[in-house]
Amino acid sequence: MIYFPLQDIEAAKLNIDDPDHLRIHSLETFGTHDGPGVRMVVFVQGCQFRCVYCHNPDSIDVKGGMLVEISELVKRAVQQKNYFGAEGGVTVSGGEPLLQRSKLITFFKLLHEQGINTCLDSNGRLNNAEVHELLEYTDILLLDVKHINDEWHHKLTGLSNKTTLELAAYRESTGRPMWLRYVLVPGWTDQPEYIEEWCRHFTNYKTVERVEIISFHQMGRHKWDSMGMIYPLIDTPVPTREQRHQVKAIFKKYFKNIALK
Ligand code: SF4
């Protein structure tokens with residue numbers, strides 16, 4: 001079932017047009033949910049996935065959002081630098097940041113010149129030389145691995161998990177830090193056998209500093225309604241406290257640092 005209008009624009013187009021501007025959805029100051037410490041979070045516009053639980057469906061259209069000069073974003077980050085403290089910095093989330101990878105290389109390089117920490121929150125849909133270059137300038141990769149089973153991943157997002165798993169393996173090969181994220185959705189991502197498989201897949205990774213379990217919520221529903229789209233999870237309950245802790249217990253068998261959000 002298609003929930004979103006599909007777009008004919010190629011992913012590459014966003015990457016090449018207008019190299020001085022990022023196409024963004026919104027900007028958050030003093031964010032504390034996407035990476036360590038206090039952060040400026042840039043939510044970029046455009047995504048290839050069509051997640052059934054997407055709480056920002058208005059960030060999916062690659063032609064939407066607004067164009068903001070990269071130099072302006074750097075200026076704002078520098079202005080907020082005192083609030084970042086030792087751990088904080090700038091996170092680019094989305095939408096899906098890898099669609100604008102070459103511009104983000106420029107952005108992250110400029111942030112590093114200013115001594116500002118960088119995090120990239122990605123669904124891992126692309127895995128190529130440009131993405132690898134971007135990861136060189138990414139202090140922490142926040143990688144969303146939405147389902148370990150490819151068939152379920154398709155149902156959940158519309159696309160395969162292949163490149164996401166490949167990108168995780170690439171990051172591991174570089175020895176650079178990564179946090180993994182898992183959205184817990186009753187009836188979709190709560191199958192114990194698949195959570196075990198997910199955990200076994202990553203348990204020996206040395207670069208995974210933290211695993212975040214993010215509970216599904218219904219807060220994005222009004223956006224689907226206002227965009228005239230069918231919200232697929234209208235009848236899906238949020239996970240109960242017991243379910244959340246049962247799932248956390250599985251992750252705990254495999255990872256030391258788990259955050260339940
Ligand atoms: S990857 Fe993120 S922005 Fe893209 S559809 Fe999924 S939840 Fe929405």
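This is a predicted model: local features need pLDDT of at least 70, side-chain atom pairs count only at pLDDT 80 or more; totals for chains, interfaces and linings use all residues.
**Backbone details**

- Most residues other than glycine have a negative phi, and most peptide bonds are trans.
- Phe-30 is not a glycine, yet its phi is positive, at about 60 degrees.
- You can find Phe-30 in strand 1, which covers residues 21-31.
- Between Gly-94 and Gly-95 the peptide bond is cis, and its omega is near 10 degrees.
- Gly-95 belongs to the loop that runs between strand 4 (89-93) and helix 3 (101-113).

**Aromatic rings**

- A search of the whole structure turns up 10 aromatic pairs.
- One of them joins Phe-30 and Tyr-83 edge-to-face, with 5.1 Å centre to centre and 90 degrees between the planes.
- This pair links distant parts of the chain, since Phe-30 lies in strand 1 and Tyr-83 in helix 2 (residues 70-84), 53 residues apart.
- Tyr-83 has a relative accessible area of 53%, so it is exposed.
- Phe-107 and Phe-108 make a tilted pair, at 6.1 Å centre to centre and 40 degrees between the planes.
- Both Phe-107 and Phe-108 are buried.
- One aromatic cluster is formed by Tyr-182, Trp-198, Phe-202, Tyr-205, Phe-251 and Phe-255.

**Charges over rings**

- Lys-155 places its charged end over the ring of Trp-152, 3.7 Å from the ring's centre.
- Over the face of Trp-179 lies Arg-210, at 4.6 Å from the ring centre.

Technical notes. Residues are numbered from 1 along each chain as its sequence is written. Side-chain values use heavy atoms; hydrogens and water are left out. Helices (H or I, at least four residues) and strands (E, at least two) are DSSP runs, numbered from the N terminus. Rings of Phe, Tyr and Trp (its six-membered ring) pair if their centres lie within 6.5 Å; planes under 30 degrees apart count as stacked, over 60 as edge-to-face and the rest as tilted. Buried means under 20% relative accessible area, exposed over 50%, partly exposed in between (1.4 Å probe, protein chains only). A charge sits over a ring if NZ of Lys or CZ of Arg is within 6 Å of the ring centre and within 35 degrees of the ring normal.
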